[in-house]
Amino acid sequence: MKICVLPGDGIGPEITAEAVRVLQALDLRFEMEEGLLGGCAVDACDTPYPEATRNLARAADAILLGAVGGQQWDGLPREKRPERGLLGIRKDLNLFANLRPAILYPELANASTLKPEVVAGLDILIIRELTGDIYFGQPRGLREENGERVGFNTMVYSESEIRRIGHVAFQAAQKRGRKLCSVDKMNVLECTQLWRDVMIEVSKAYPDVELTHMLVDNAAMQLVKAPKQFDVMVTGNMFGDILSDEASMLTGSIGMLPSASLDEKNKGLYEPSHGSAPDIAGRGIANPLATILSVAMMLRYTFGLEEQALRVENAVKKVLAGGYRTGDIYERGMLKVGTKEMGDAVLAALA
Ligand code: NAD
């Protein structure tokens, strides 16, 4: 099992160090190698996704990423910006399925802006198609028409693109509550009528999963009205972009949310949903739990080690129940800890 570790920028190195310690504590045989991605790669190699990193990432089964970006690189030309490294690696490895869980641990129910009874116990998995849709469709651009500027983009999905994300979603639902809600806008958009038709076809192979459909405007409302009705949601790139951010904010704590981006063979890039947090970098106070929970996703989705994944997730639950909190999730009466102490607490809970 080969893992490529890309700590990245800002708090990236601090939080990935704790996630690597958790991996090492599991007594599994991993080969781990570190590489450069993002701003640190621009500084060292003049490009955000250097060839050495590309070779490491291609040869690995899974990639663990911290975060990339920071103000010092914001003035660079677009192709040299750290975020280009991230888009580059996702595209290079054909990571078409983005999995973002939104889980609200009962101990953190007060962190949400919604009423505790609406969100306590929330556990949703949003699956977003990541390499198609209006973000990549051609033609696109700006043109002059009747003396004014016109902007245009193309929403396009092929049957095979919908089918492959459909299989990922049904299989993920089989590992959870066996309920899948497919989100589209079939009343207006032909492209998403095809999405719905293909999802229904794919569902025939998964009779144990209950498939429902929802229009995206209603899904946005239901997510804040009654989010616990959802188990797994699957949708296209643009709707998924918006709904996954909405769902993550139901939990109120960005330092807790992991993510996975998978290819057709379940090779994956695993990273926290937050950025490089330059405002707190180097101070040893960042919350490492999103990155540690990303490791749990790696164990589950790339390596098929469900039991080990649960071990890590249960250790995190135990640490929260024990009152350990980094600054971002701190409440009065709890035990305030830094990045390394939080890592120590998870290791102790694992043992
Ligand atoms: P951010 O997620 O880095 O930070 C937003 C706020 O949340 C900050 O106050 C930060 O201190 C806090 N925060 C984030 N993660 C935390 C953690 N683990 N523990 C405690 N607090 C945490 O978003 P931003 O400030 O908009 O962006 C900063 C940089 O990160 C930018 O350069 C941006 O481009 C980049 N970024 C990278 C990724 C990625 O690598 N996938 C994603 C988003 C943003």
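Student: What is the order of the strands in the open sheet?

Tutor: In this predicted model, the open sheet has 10 strands in the order β2-β1-β3-β12-β11-β4-β5-β10-β8-β9, and its pairing is mixed. At the edges stand β2 (31-34) and β9 (210-215), each with a single partner strand, so one side of each is left without a neighbour in the sheet. From one strand to the next the twist averages 20°.

Student: How do you know that β1 and β3 are paired, and in which sense do they run?

Tutor: Two strands pair if there are at least two bridges between them, and strand β1 (residues 2-8) is joined to β3 by 5 bridges in the parallel sense.

Student: Why is Ile63 called buried?

Tutor: Buried means under 20% relative accessible area, and Ile63 has 0% relative accessibility, so it counts as buried. Ile63 is found in strand β3, and, leaving aside residues up to four places away in sequence, Ile63 touches several others, among them Cys4, Leu93, Tyr270 and Met298.

Student: Why is strand β3 described as largely enclosed?

Tutor: Of the 6 residues of β3 (residues 62-67), 6 are buried, so the strand is largely enclosed by the rest of the structure. Helix α1 lies across β1, β2, β3 and β12, running at about 145° to β3.

Student: Why is α1 called oblique to α10?

Tutor: The axes of helix α1 (residues 12-24) and helix α10 (residues 289-301) come within 8 Å and cross at roughly 45°. Angles under 35 degrees count as roughly parallel and 65 to 115 as roughly perpendicular, so a crossing at roughly 45° makes α1 oblique to α10. The crossing is right-handed.

Student: Which residues in α1 and α10 meet?

Tutor: Ile15, Thr16, Glu18, Ala19, Val22 and Leu23 in α1 meet Thr291, Ile292, Val295 and Leu299 in α10, and the residues of this contact divide into 7 nonpolar, 2 polar and 1 charged.

Notes
Residues are numbered from 1 along each chain as its sequence is written. This is a predicted model: local features need pLDDT of at least 70, side-chain atom pairs count only at pLDDT 80 or more; totals for chains, interfaces and linings use all residues. Side-chain values use heavy atoms; hydrogens and water are left out. Buried means under 20% relative accessible area, exposed over 50%, partly exposed in between (1.4 Å probe, protein chains only). Helices (H or I, at least four residues) and strands (E, at least two) are DSSP runs, numbered from the N terminus. Axes are lines fitted to C-alpha atoms, for helices over the stretch in contact, and angles run from 0 to 180 degrees between N-to-C directions. Angles under 35 degrees count as roughly parallel, over 145 as roughly antiparallel, 65 to 115 as roughly perpendicular and the rest as oblique. A crossing is left-handed if the near helix is turned anticlockwise from the far one by less than a right angle, and right-handed if clockwise. Contact means heavy atoms within 4.5 Å. Ala, Val, Leu, Ile, Met, Phe, Trp, Tyr, Cys and Pro count as nonpolar, Asp, Glu, Lys and Arg as charged, and the others, Gly among them, as polar.
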